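Dear colleague,

I am handing over the structure we spoke about, with its sequence, and below it you will find my notes on what was found. Please read them with the model open.

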Amino acid sequence: MAESPPRSPATAPDGPRRQRSRAPGAYLNLPLWQRYALALLIAAILLTGMVIWVNGHNTDSGPTSENPASTLRANREAEVLVAQDQAPHSVRLAAGLSARAALERVLHRHVAAAVRDGAIAGPLKSARCHATGARSGARVGYSCTVNSGSVNFPFLAAVDAAARRVTYCKRDPPPLPSETVPVSSRCRA
């Protein structure tokens with residue numbers, strides 16, 4: 001009689017069935033691809049919830065955007081500050097220098113004082129002026145730029161060569177693009 005090959009214990013019809021072994025740390029009896037899909041779904045839900053929460057608790061808008069009265073007050077205060085910053089300054093020019101060179105020196109000293117006081121970031125680099133071509137009697141108009149730090153500060157000036165006097169104003173951008181704070185006529189020729 002021929003002997004049949006021995007049967008393995010896993011295929012024995014009357015023996016206990018062996019279960020597939022799971023990966024260590026696998027809490028769910030799911031195939032690997034389903035575990036990955038479940039992890040991605042949970043991550044997407046948490047990310048969406050976090051985005052919704054941050055969007056609802058964002059404080060990018062300042063308190064002035066919610067109250068029209070405070071916005072109006074802030075705009076008025078900004079206009080006053082710009083008007084004060086653009087106030088005309090008059091200085092006697094030193095003898096022996098051209099009007100342009102004397103004006104550049106005056107503006108350089110003015111901005112250097114602001115840098116020392118901490119009102120403007122330094123270092124102070126240069127002051128450049130050129131005549132605008134505007135004239136009013138003995139007064140000649142100039143447009144100047146003083147570079148301090150990485151900012152260019154524009155100035156307007158009127159030089160009275162006969163009286164050796166210069167009147168200059170810093171030119172600030174308006175608080176709102178639709179509004180302009182005019183520069184004093186004393187700084188224009």
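This is a predicted model: local features need pLDDT of at least 70, side-chain atom pairs count only at pLDDT 80 or more; totals for chains, interfaces and linings use all residues.

In strand β5, T167 has A158 standing opposite, and this pairing belongs to strand β4 (residues 151-160), which six bridges join to β5 in an antiparallel arrangement. Strands here are DSSP runs of E of at least two residues and helices are runs of H or I of at least four, both numbered from the N terminus, and two strands pair if DSSP finds at least two bridges between them.

Residues are numbered from 1 along each chain as its sequence is written, and side-chain values use heavy atoms, leaving out hydrogens and water.

β4 and β5 form a hairpin with four residues between them, and R164 in the turn has a positive phi of about 50°. Strand β1 (residues 89-92) is also antiparallel to β5, joined by four bridges, with R92 opposite R165.

As for confidence, the protein chain averages a pLDDT of 79, and 80% of the residues score at least 70; among its elements, helix α2 (residues 68-85) has the lowest mean, 79, and α1 the highest, 93.

With best regards

Definitions and conventions: pLDDT is the predictor's confidence in each residue, from 0 to 100.
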